[in-house]
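Subject: Structure handover

Hi,

Here is the structure I promised to pass on to you.

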Amino acid sequence: MGRALRRSQLSKDPAGDHPEPALRSLPARYAHRAALLAVFGVWVSIAWPGLSLQFATLDYWRQRLGGRTPEERAAIVDYPAYSVARRVEEVVPPAACVLFLAYTGPEHVNYYKTRFDYYLYPRRVRIAAGTGATAENCGYLAVFRDAPANLAEEPFRGVWDEGWLHHRLAPLEKVYSGPNLDIYRARR
Amino acid sequence: MICAFLFTCVAGWLLICPWLSRRPGLGLVPAIALSFAAGTAALSLDLLLLNLAHIPWTRFSVLSPWIAAAAAHALFGRRRWAPPMPRLRRPCFLEIAALAFSGIVLLAWVPYERLMPLNEWDAIMLWMFKAKAFYLDGSIAPYMSRAHEFLGNPAYPLLVPLYTTFLYIFSGSAADQLAKLVSPCLLASLAAGFYYFLRRYGSRPVAAIFTSMLAGVYMVDVAAFRYAGYADTAVAAAILLAAGFLYAWFYEGDYADFALAVFFASIAAWTKNEGQFFLAGFGALAAARLISRRIWNSSYWFTLAAFPILFVTPWVAARSVYGVKRPGELSGEMMRTNIASYGPTVKAIFEHAFTPAPPDAFGSRVWLFNLAFPFCLLAVFLYRRAGLDRRFWALPALACWQLFGVSLVYVTGPVNLQWMIGSSLDRVLSQIAPLALLAAALAFASYYSRAEARLEIPAEDGASLRKRREKARASPKKQRGKSQA
């Protein structure tokens, strides 16, 4: 800050009129520079495990995502939500509502709700873990089965009645069929 | 998109140049970085005001006020709008070391941020989702009317979503991969502001070393690069800039510093709820200083009221117009449970701030905030020895106020305390860590500058030092002899 030295840090002449700076040894004179280097060194040594962890993470994701398009990367990182949302986006018009009957764990329901809201906006998205869910004024119905890895992590805990589902889907028109997604709409 | 970022800097500069251009020691890079932080707030507020006035968002409607402002500055501004020109000098060894470490940090994080798609929870659920919805709807009204359908909190302030909407309007599509750049750019503003304050009150090596140390704080990097699309880096930048300019005003008493401090504190309130708490503490501190110094100049008091009103009132009005409410109600039972766990909450906050994180799967323990908080505590005890006076307390006081705010938010929150601490405490502390480190860095900078000033005194060789010591040892005996006689 470039402040003036305090009077206490200056040696005084006997008369007290002309203060002279105190002479100090060479190491003491450069202690502040050594302190700055020491602080920096300690800081870097503490930061290093975090940095090396980050380099390892970067390496892992580079191997998985390197050389791929942004869509392919999103499909890998956000599997299967991104791919499912893209299929729904192609079939369901922007002003429509879609009800997802999801075979997934209870915590994953919230996860997919946020993902589908984001990817499918402005479509109205309803989602429930079970075959009996209903939603008013929802023209589209999507039957979504989560990836086995996610189900292994958090098993399905709702009510899933295949017989009732067949009965429910019978009057509807199937507009899309894929590995983990079927989309239906009311017949016109 | 690059043009949008450049335009943001221009808009910010137009807004703050009357004060910023005359700041001592301001270089070109800090001027651009501070202008960017100001520009994000200005453009997001621009969009909100246009929306409230029922003017559709187009490139022309959004940009025209700033083009008019630029023309006015050019015609009547007497070149005060011109940014400072850079003065290049050869870096010293310490600056090269700082640059090298910063480079390693950037090599670890920038490619990662560019590689990963938008994926993190709050970005998808909250911040970027609002931005996308506002852009697709061309207004904030449809999203607000449907807010009950979504899991996000519609009551959060809109700086980040509306600034991202501006980027989408500028680029013509909801390009979320590019919008993720906002957080790293705000980290650049944060780091440049940090460097500027240290350069203003310290030497170049100290400024460079401590700025690189800030760049190496793990959780600050996580907030900016992994959680790109969140608002935490924006809050951290606004808090740091407000506190830094407040410190400058405390020491130098220049109105321009005061105006910039209030401006950035108001931006913090327009960014996130934590920023509103910061603005309350900041306002109280600034008002206390004005009263204690008997400053009754109306321009100070007007500034202290005008910027918070400018940034907070439109959002309050919009919330009222669209009937926005906070999701979740705090039940009496949850309140009692949370208050009973206030002590453990404070303990958790201090544990996260002062100790390394628990070991991960590989057994390594990462210090999320490095030694930022311990150094701040050390500075509180040593600031007098570093040559500072009690005005230094402004920075640790604001950091403590924010920590207190965090504990209050957790205790009064409508959700389970443990879940909330686990999911957000590190991010919230990452907003305060730069401020804590700035306090420590300024104390060190003061100590370092005083020591450098003393270097102008010639060094003495070993022989003369021994002679002087012997003389010093002998003189008390002489004194004693005289007194006995």
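At what angle do helix H4 (residues 81–91) of chain A and H5(A) pack, and how far apart are their axes? The angle is about 45°, and the axes are 10 Å apart. Please keep in mind that this is a predicted model, so every value here is computed from it. Angles from 35 to 65 degrees fall between roughly parallel and roughly perpendicular and count as oblique, so H4(A) and H5(A) are oblique to each other. Their crossing is right-handed.

On the H4(A) side, the residues that meet H5(A) are Ala81(A), Tyr82(A), Ala85(A), Val88(A) and Glu89(A). Their partners in H5(A) are Tyr112(A), Arg115(A), Phe116(A), Tyr119(A) and Leu120(A). By type, this contact has eight nonpolar residues, two charged ones and no polar ones.

Now for chain A as a whole. It contains seven helices and seven strands, which run along the sequence as β-β-α-α-α-α-β-α-β-β-α-α-β-β. Of its 188 residues, 26% are buried. Among the contacts in chain A with a separation of 6 or more, 69% are between residues 24 or more positions apart. The chain is divided into domain 1, covering 26–65, and domain 2, covering 75–186. The C-alpha centres of these two domains of chain A lie 47 Å apart.

Next, the contact between the chains. Chain A brings 41 residues to it and chain B brings 54. On the chain A side, helices H1 (26–29), H2 (31–65), H3 (70–77) and H5 (106–120) each supply at least two residues. H2(A) gives the largest share of that side, with 18 residues. The side of chain A that touches chain B is made up of 24 nonpolar, eight polar and nine charged residues.

H2 of chain A turns up again around one helix of chain B. Helix H11 (residues 218–226) of chain B is largely enclosed by the rest of the structure, because seven of its nine residues are buried. The buried ones are Tyr218(B), Met219(B), Val220(B), Asp221(B), Ala223(B), Ala224(B) and Phe225(B). What covers them includes H2 of chain A, along with H4 (93–115), H9 (182–201), H10 (204–215), H12 (232–252) and H20 (417–454) of chain B.

Best wishes

Conventions: Residues numbered from 1 in each chain as written. Chains lettered and ligands numbered in written order. Predicted model: local features only at pLDDT ≥ 70, side-chain atom pairs only at ≥ 80, totals over all residues. Contact = placed C-beta atoms within 7 Å. Helix = DSSP H or I, 4+ residues; strand = E, 2+ residues; numbered from the N terminus. Nonpolar A, V, L, I, M, F, W, Y, C, P; charged D, E, K, R; others polar. Buried ≥ 20, exposed ≤ 12 C-beta atoms within 10 Å, placed from the backbone. Domains from an automatic or database assignment. Axes fitted to C-alpha atoms, helices over the stretch in contact; angles between N-to-C directions. Parallel < 35°, antiparallel > 145°, perpendicular 65-115°, else oblique. Left-handed = near helix turned anticlockwise from the far one by under 90°.
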